[in-house]
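Me: Please take a close look at one part of this chain, a single strand and the partners it pairs with. Then set that part in the context of the rest of the model.

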Amino acid sequence: MTCIYARLLRTSTKVLKQFSGTGGISVNGVSGIIHKNSRTFSVIHGDFNRLAPNVKKYVEDKAKVCQPETIHICDGSDRENEELLAMLQKGGVIKPLKKYKNCWLARTDPADVARVESKTIISTPNQRDTIPTPKNGADGQLGKWMSPSDLQKALDERFPGSMKGRTMYVIPFSMGPVGSPLSKIGIQLTDSAYVVASMRIMTRMGRPVLDTLGNNDFVRCLHSIGQPLPMKKPAVNNWPCDPDRTIIAHIPENNEICSFGSGYGGNSLLGKKCFALRLGGIIARDEGWLAEHMLILGITNPKGEKKYIAAAFPSACGKTNLAMMNPTLPGYKVECVGDDIAWMRFDSEGHLRAINPEAGFFGVAPGTSDSTNPNAMATIQENTIFTNVAETSDGGFYWEGMDLPKGVRVINWRNKEDWVPNSSKDEKDMAAHPNSRYCTPASQCPIIDPAWESSEGVPIEAIMFGGRRPKGVPLVYESFNWQHGVFLGAAMRSEATAAAEHAGKVIMHDPFAMRPFFGYNFGHYLSHWLSMERRPNVKLPKVFHVNWFRKSSEGKFLWPGFGENARVLDWIFRRINKEDCATESPIGFIPKPGALNLDGLKEKVDMEELFSLPKDFWSKEVDAVKKYFDEQVNDDLPEEVASELEQLKKRVAHM
């Protein structure tokens, strides 16, 4: 589709004056002036003439539409970051947490606190390229499509003049190590300095990226908070946004993302889910690799052997905790490559190589503590931006799940002073918003893997899928083969809070933990995964499913979890090494009796109940998955996946 920016004000640009060679802010505060007919944009930082023609044209075209007062070309330097943080502090957007080194707290408008799935769309000429056609008028759950004409209208109503009175920041960023053959480059334009400071943490950003890019193509990322100056009404918490008109649009045909109205990280840090998963998934499909919502960890056994594992879990299933685990099993060591996203490609020798395309962790704060994830807590002690957490009177951070220090007062995320712990489920009465975040450099993690920035990636030998299943699903089982493993990912379900507030717990379908992040038709996505098996000379990883959350009939967890999950990783490690420690079951290979190392386990575990396979449960599971596939994927479901479901049905019938 033709984007609005290319067709508005097409007159050529002339750079009339440029102060080059300074590499920073010039003495008079202006390092360049761009004249657009009667409109003038001052380049206050960076050298506009050094931009490659493709990048220069992109900036010019968007500046014509958004009409910023000034343009700032980001270099990613410490000096630049310090100046932006000082400016944000002066404007009341952030405040320092004096208890820590270079840590900051932002409180958003309460209307801008999370990803907005209902306003996140993919626009392609053909709807079926983006989403399957649901059966019999069912509500589609696998993405939201908008026609190019409707999107054009929506963008035309929002972006023109959206940056008036503000600075347009030009952020060159690399997803993955700069120069790696597995990495991709983007240019984000934004009018939010908070976004710049956060992108500096989450990506590799600055001049080296532009040097690596040259005049090649890149992913185009445009973001505006949607509040030109002067504002019609004061911003809440000094956090300008336009939640009523928010839209996050992905345009695969243009390699472009356009986000308007939200400053929240998931909607504004466009390198994250928008680029790394939605557009990244499309690029991966076209180029023959995988862009997945997966952690990557390295595990070393007592013999010094090391293996890398990728794992996909829906929210609230302990993904970051697993990525940063302290194993309780003696002699084992876990190191973190990434906690959220994996880009995986087969190398020339057939090994699946993975990189973490991000440079930071954008973690959910509540529930993170010294007992659940001490490595995350150690990581966030400096150089971290916190959003919507509580503040303590001694200049610290606080949220639900942490121990409250004695003698300190708490100001909650809604600025309520002298907050006290309470049982209210209303988010405004909580210390921290349930989706409050920390944005912190991955390099600060005490167990960061030595190869986490390896340009060739780390070799993946196992893939784990998992969910929060209180009943019926055993602690761990292994797929029969690759095709069956793809089926396990497609059939993933997990307990989650119902959409209706406080409606209780329901089991939600979340295939591959990617349901909100598919960039193209899920049926075609499954075909892409299946096609990996047909590649010549590939060494396919083994595929496993895990469930840390099974409960007894009394409602108590059957497995202690956290560091004890190393015992499951130990079994997976041995299965990769082809050890005969598994037995066949109707759902896959499960550990033989006594094969799971329980030495030193402090709690008694009912292994029989933990691995029991109730026939009635699995019969209902088959029916639920079949109904989901029929309604949601419909005619786009690959025959191989349908066959795996039918085979499972037959095996369950003979249980």
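Reply: Opposite Ile385 stands Cys439, a residue of strand S26. Strands here are DSSP runs of E with at least two residues, helices are runs of H or I with at least four, and both are numbered from the N terminus. The model is predicted, with pLDDT of at least 70 needed for local features and 80 or more for side-chain atom pairs, while totals for chains, interfaces and linings use all residues. Residues are numbered from 1 along each chain as its sequence is written, and side-chain values use heavy atoms, leaving out hydrogens and water.

Strand S26 covers residues 437-441, and five of its five residues are buried. Buried means under 20% relative accessible area, exposed means over 50%, and partly exposed lies in between, with a 1.4 Å probe and protein chains only. Arg437, Cys439 and Pro441 point one way from S26, whereas Tyr438 and Thr440 point the other way; all are buried.

Two pairings of S26 can be described, where pairing requires that DSSP find at least two bridges between the strands. With strand S21, residues 360-364, S26 pairs in the antiparallel sense over five bridges. In that setting, Cys439 of S26 is the bridge partner of Phe362. With strand S22, residues 385-387, the sense is again antiparallel, over three bridges.

Elsewhere in the chain, three strands form an open antiparallel sheet in the order S24-S23-S25. Strand S24 (397-398) and strand S25 (410-411) stand at its edges with a single partner strand each, so one side of each has no neighbour in the sheet. Strand S23, residues 390-392, is joined to S25 by two bridges, and the two run antiparallel. Within this pair, Glu391 stands opposite Ile411 of S25.

Helix H14, residues 566-576, has 11 of its 11 residues buried. Among them are Asp570, Trp571, Ile572 and Phe573, together with Arg567, Arg574 and Arg575. Following H14 is Lys578, which has a positive phi near 65°.

A loop residue provides a contrast. Pro181 lies in the loop between strand S9 (167-175) and strand S10 (184-190), and with a relative accessible area of 61%, Pro181 is exposed. Apart from neighbours within four places in sequence, Pro181 is in contact with Arg345 and Ser455, contact meaning heavy atoms within 4.5 Å. Pro181 and Glu456 are 275 residues apart in sequence, yet their C-alpha atoms are 7.2 Å apart in space.

Turning to the chain as a whole, its secondary structure comes to 17 helices and 33 strands. Its radius of gyration is 25 Å, close to the 26 Å that the globule rule gives for 655 residues, so the chain is as compact as a globular protein of that length. That radius is taken over C-alpha atoms, and the rule is 2.2 Å times the number of residues to the power 0.38. The C-alpha trace spans about 80 × 60 × 50 Å along its principal axes. Of the 655 residues, 59% count as buried. Among contacts with a separation of 6 or more, residues 24 or more positions apart account for 73%.
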